[in-house]
Amino acid sequence: SGGYVGSSYRYGSNARQIALSNSLLANYNRGYNALTNPALLGSIKEIEYGFSYLDMSLDRYIQTFSITIPAPPTASIGLSAYILGTDNIMGITDDLVSTGMYSAWEGYGMLSFGTSMGNFSPGVNIKILQSKIASYTADGIGVDIGFLYRFSSDFQLALMLENIYAKYSWDVDIGDINHSYDEEFPGIISIGISSKFYHDLLFLYQSDFNLDFKNYVHRLGFEIPFFYISESGSNNKIDLRIGLNNKNNVLNYSFGFGTHIYKTKNNLNIGLDYAMDTGKFDEGISHLFTLTFFR
C-alpha cells in the first residue's frame, strides 16, 4: 500500500485526521475540509484556517495550510498547500562513492470548490504539483472530485475520486543525456461513513481502493467526547480519538485528542489537536500537533 507515486500524501494533513487513521471522508474536519473532501466545503458558514507543522522522526516533516472562505448562499472556496519531505539523505553512487548529503520534498498548491444542494454536496480539488529530489524537479497537475450525502445530521455517506489525470513530468539532464518521462499517480476510489451514537460517540469508516494495485485499505475511527469542569467553573470538552487500519496487511493503530484552547476578544476560537505516530518500522515516535482558527 506504500511506495507508489503520491503515496506520501496519504499520510494525513492534520493531527485529527492522523489520529483517526484517515477515516474522515464523510465527517466535517474543521480547518481542513478541502484537504479531507472538497464536498465538505458546502457545510462551511464562516472563514476557517488550519495550520500544521508536523516535525517527525528521521528528519521528516509535513507542512500544511488551508483557508476556507464562504461564498454565500451555499458554497465555499478553499486555498490550501501541502508540503512534505526529508533532509540529511546520504547520496551514494553505484560504486559506493559518497556524493554528499541532499534533501527531497514534494507538495502541491490547491484550489477547491464545494457547494450544498440540500442533502447532497459535490466538490472539486485542482492541484498544482511539484516534486524535487536533490537538483531535479518535476511538475504536474491533478484533480479530485468528492460527493457527500446527508441522510440526517447524525449519518453521512461520502464518495471521492482521487488523482484524476494526476502525474509528475520529469525532464532530467545528466551530462549530455536527457531523460523525459511521466510518473502517473494511481487512481483511488474512496467511500466513507460518519455516524453519531449515544452521547455523541462518533463512528467513522472509510475504504480506499487503489485502481493500479487492486488493493483495499480499510480504516476505522472513533471519537469520544469527554466533558470536565475547569478551575474557573466553566464546562470544557476533550475529544479522545483512536484509529485502526489494515495498511500493508498489518493492523495499525493511532490515537490522539483535540480541545478548544482559547477564544480572543473578537470571538476568534483556537483549537488544538494532537496525534501520536508510534512508528510502524522502528523509525521512532512522532508527536504531531495542529492548530485551527475559526469563529
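The exercises that follow concern a predicted model.

**Exercise 1. The largest nonpolar core**

Determine which residues of the largest nonpolar core touch the most other members, and which elements give two or more residues to this core.

Solution. Step 1: the core has 25 residues, of which Tyr-9, Tyr-82, Tyr-108, Leu-129 and Tyr-168 touch the most other members. Step 2: two or more residues come from each of α1 (15–19), α2 (33–36), β3 (75–92), β4 (98–115) and β8 (167–174). Step 3: a second, separate core has seven residues, including Leu-25, Ala-26, Ala-39 and Leu-148.

**Exercise 2. Two aromatic pairs**

Classify the ring pair of Tyr-82 and Tyr-108, then that of Phe-257 and Tyr-274.

Solution. Step 1: a pair of aromatic rings is described by the distance of the centres and the angle of the planes. Step 2: the ring centres of Tyr-82 and Tyr-108 are 5.6 Å apart and the planes stand at 25°. Planes under 30 degrees apart count as stacked, so the pair of Tyr-82 and Tyr-108 is stacked. Step 3: Tyr-82 belongs to strand β3 and Tyr-108 to strand β4, so the pair ties together parts 26 residues apart in sequence. Both Tyr-82 and Tyr-108 are buried.

Step 1: for Phe-257 and Tyr-274, the centres are 5.4 Å apart and the planes are at 35°, so this pair is tilted. Phe-257 lies in strand β14 (residues 252–263) and Tyr-274 in strand β15 (residues 269–277), 17 residues apart. Step 5: Phe-257 is partly exposed because its relative accessibility is 29%, whereas Tyr-274, at 11%, is buried.

**Exercise 3. Around the rings**

Identify the aromatic cluster that contains Tyr-108 and the residue that lies over the face of Tyr-108.

Solution. Step 1: a search of the whole structure finds 14 aromatic pairs. Step 2: Tyr-9, Tyr-82, Tyr-108, Tyr-168 and Phe-185 form one aromatic cluster. Step 3: Lys-127 is placed over the face of Tyr-108, at 4.8 Å from the ring centre. Elsewhere, Arg-30 is over the face of Phe-294, at 4.1 Å from the ring centre.

**Exercise 4. Asp-208**

Is Asp-208 buried or exposed, and with which side chain does the side chain of Asp-208 make a polar contact?

Solution. Step 1: Asp-208 is part of strand β11 (residues 202–210). Step 2: the relative accessible area of Asp-208 is 4%, so this residue is buried. Step 3: the side chain of Asp-208 makes a polar contact with that of Gln-206 (2.9 Å). Step 4: beyond its neighbours within four places in sequence, Asp-208 is in contact with residues including Arg-10, Ile-188, Tyr-216 and Arg-219.

How values were computed
Residues are numbered from 1 along each chain as its sequence is written. This is a predicted model: local features need pLDDT of at least 70, side-chain atom pairs count only at pLDDT 80 or more; totals for chains, interfaces and linings use all residues. Side-chain values use heavy atoms; hydrogens and water are left out. Helices (H or I, at least four residues) and strands (E, at least two) are DSSP runs, numbered from the N terminus. Buried means under 20% relative accessible area, exposed over 50%, partly exposed in between (1.4 Å probe, protein chains only). A polar contact is a pair of N or O atoms within 3.5 Å; within protein, one must be able to donate a hydrogen and the other to accept it, and residues adjacent in sequence count only if both atoms are side-chain atoms. Contact means heavy atoms within 4.5 Å. A nonpolar core is a set of buried Ala, Val, Leu, Ile, Met, Phe, Trp, Tyr and Cys residues joined through side-chain atoms within 4.5 Å. Rings of Phe, Tyr and Trp (its six-membered ring) pair if their centres lie within 6.5 Å; planes under 30 degrees apart count as stacked, over 60 as edge-to-face and the rest as tilted. A charge sits over a ring if NZ of Lys or CZ of Arg is within 6 Å of the ring centre and within 35 degrees of the ring normal.
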